[in-house]
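Here is a short report on a two-chain model. The sequence and structure come first, the description after.

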Amino acid sequence: MKDRFALFSLMGREGALSKVHELIREVKVSRVMTSGPLTVSPNATMSEVKELLRQQRISGCPVVEGDTLVGVVSLEDLIHALETQNLDRPVQDFMTHNKLIVAHAQEPVMEALRRFESTGIGRMPVLDGRDRLVGIITRGDITLALLRTLQGVYSEAEALQDRPQHFFEALESERTDLTLRYHVKRGDFARGGEASAKIKQALLRIGASPQLARRVAIATYEAEINLIIHTDEGGFIHADVQPTEILVVAQDPGPGIPDIEMAQQPGYSTATPEVREMGFGAGMGLVNIKRCTDNMSIWSMVGVGTRIQMFFKVSPDEARKTGAQ
Amino acid sequence: MIVNEIVDKLGLTVLAGAAHLTREVAGGYVADLLSCVMAAAQAGDVWVTLQTHLNIVAVAALNEVACIIVAEGATVPPPTLEKAEEQEVIILSSPLPIYETVGRLIAMGV
């Protein structure tokens with residue numbers, strides 16, 4: 001990392017600022033608060049409060065009767081009780097119960113922040129729509145949520161900067177040729193899409209634009225699922241990546257497609273009812289592949305196997321990291 | 001609009017991907033056929049479906065949809081949720097039928 005300030009300017013309004021902005025204006029108190037806070041009953045003694053605050057290392061807590069908030073007892077109230085040697089008196093004699101300052105679960109964090117600012121208090125009980133106590137929010141909770149959001153944005157931007165800005169920029173040679181190979185097992189639905197995801201990841205890592213990576217991934221996914229559903233024992237996916245073109249080949253040793261033309265009709269599928277129930281077998285696989293590729297060809301022979309070649313031309317726009325949307 | 005606004009306005013339950021709720025939403029798409037989703041859903045779409053098995057995560061991740069909303073309160077199996085966390089895919093649950101879920105999404109401007 002050369003210059004961390006440059007990084008922040010790179011994130012600009014679209015990055016850190018807008019995320020923080022969203023957090024403060026749009027995120028509700030309920031997402032940031034601590035739910036199910038410790039509470040005491042108004043009839044508990046101040047001595048019990050002293051033990052609770054000491055053991056839990058907190059500086060105050062809400063006082064509730066059932067679900068209803070009736071007051072807040074703080075360290076200050078406890079000191080008051082200590083000074084007057086009234087530790088055996090009930091909480092309700094010392095707690096704050098007038099003009100309680102509270103936050104609402106559904107209000108934006110921004111509103112809660114304003115109330116902290118204007119009142120100078122350190123914590124607020126949080127009430128739901130029916131005025132029941134559901135949590136407690138502190139300035140610390142808001143700071144923590146802000147820092148977490150910033151950290152997320154920061155690592156995103158860092159990952160972005162570590163990536164090359166131009167396809168293949170990071171790999172220099174007279175003739176660069178990257179080969180990726182994956183074995184796909186028949187019936188392995190649990191890992192369906194893994195090979196496609198890995199190819200996509202590899203492309204992004206060497207600087208492909210998101211659009212290029214996405215169209216290669218979608219076509220490869222369909223071919224991968226075909227290997228899982230329609231083959232005898234699965235097959236192989238082989239991606240050959242060059243700076244100006246990408247060739248992905250899916251190949252299997254059987255059973256082969258009897259009528260290739262029919263197989264390419266939108267909506268035609270030989271998938272079993274079980275497979276269809278999972279949402280596959282829409283008869284759109286090969287149609288999707290055709291749409292995402294610049295050229296594709298299918299070779300198949302019953303009893304021998306099938307080979308689908310998917311060809312992608314890397315357009316100048318797609319070669320740039322920030323290619324046109 | 002971000003995913004979190006949809007969670008709040010529709011009262012959805014976040015089943016996976018709670019750390020990514022500030023993701024931007026661009027539009028929406030409804031289908032239970034995965035190939036249709038692959039073909040027609042756009043990056044940033046909210047995908048409303050009844051499918052809950054593992055492969056919806058791969059489809060969502062490859063297609064870069066903003067989030068998956070599983071309608072009718074359907075139960076999502078734990079392996080799907082684990083995979084979703086791992087791939088940073090947001091899965092939300094709506095107790096309403098698809099028709100009403102989508103109606104509310106459209107009404108709020110998705």
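The report below covers the chains, their contact, helix packing and some local features.

This is a predicted model, in which local features need pLDDT of at least 70, side-chain atom pairs count only at pLDDT 80 or more, and totals for chains, interfaces and linings use all residues. Residues are numbered from 1 along each chain as its sequence is written, while chains are lettered from A and ligands numbered from 1 in the order in which they are written.

**The two chains**

Chain A holds 13 helices and 11 strands. Chain B has 5 helices and 5 strands. Helices (H or I, at least four residues) and strands (E, at least two) are DSSP runs, numbered from the N terminus. Along the sequence, chain B reads α-β-β-α-β-α-β-α-β-α.

In chain A, 30% of the 325 residues are buried. In chain B, buried residues make up 47% of the 110 residues. A residue is buried with 20 or more other C-beta atoms within 10 Å of its own, exposed with 12 or fewer, and partly exposed in between; C-beta atoms are placed from the backbone.

Contacts with a separation of 6 or more were also sorted by sequence distance. Residues 24 or more positions apart account for 63% of these in chain A. In chain B the share is 51%. Two residues are in contact if their C-beta atoms, placed from the backbone, lie within 7 Å.

**Where the chains meet**

The contact involves 22 residues of chain B and 26 residues of chain A. On the chain B side, the elements giving two or more residues are helix H1 (3-10), helix H2 (34-40) and helix H3 (55-63). That side divides into 12 nonpolar, 6 polar and 4 charged residues. Here Ala, Val, Leu, Ile, Met, Phe, Trp, Tyr, Cys and Pro count as nonpolar, Asp, Glu, Lys and Arg as charged, and the others, Gly among them, as polar.

**Helix pairs**

Two packed helices are described by the angle between their axes and the distance between the axes. Axes are lines fitted to C-alpha atoms, for helices over the stretch in contact, and angles run from 0 to 180 degrees between N-to-C directions.

| Helix pair | Angle | Axis distance |
|---|---|---|
| H9(A) (residues 210-230) and H12(A) (residues 285-292) | roughly 155 degrees | within 9 Å |
| H8(A) (residues 194-205) and H3(B) | about 20 degrees | 10 Å |

H8(A) is thus roughly parallel to H3(B). H9(A) and H12(A) are roughly antiparallel. Angles under 35 degrees count as roughly parallel, over 145 as roughly antiparallel, 65 to 115 as roughly perpendicular and the rest as oblique.

The crossing of H9(A) and H12(A) is left-handed. So is the crossing of H8(A) and H3(B). A crossing is left-handed if the near helix is turned anticlockwise from the far one by less than a right angle, and right-handed if clockwise.

From H8(A), Ser196(A), Ala197(A) and Lys200(A) meet Ala58(B), Ala61(B) and Leu62(B) of H3(B). This contact divides into 4 nonpolar, 1 polar and 1 charged residue.

In the other pair, H9(A) residues including Arg215(A), Ile218(A) and Glu222(A) meet Gly285(A), Asn288(A), Ile289(A) and Cys292(A) in H12(A). The residues of this contact are 6 nonpolar, 3 polar and 2 charged.

**The buried face of H12(A)**

Which residues of H12(A) are buried? They are Gly285(A), Leu286(A), Asn288(A), Ile289(A) and Cys292(A). Seen down the helix axis, these fall within an arc of 155 degrees, so they line one face of H12(A). The arc is that of the directions from the helix axis to the C-beta atoms. Their cover includes H9, helix H10 (260-263), strand E10 (295-301) and strand E11 (305-313) of chain A, together with H2 of chain B.

**Local features**

Gly254(A) and Pro255(A) are joined by a cis peptide bond, with omega about 15 degrees. Pro255(A) sits in the loop between strand E9 (245-252) and H10 of chain A.

Gln85(A) is not a glycine, yet has a positive phi of about 50 degrees. Gln85(A) is exposed, with 8 other C-beta atoms within 10 Å. Glu64(B), also not a glycine, has a positive phi of about 55 degrees. Glu64(B) lies in the loop between H3 and strand E4 (67-70) of chain B.
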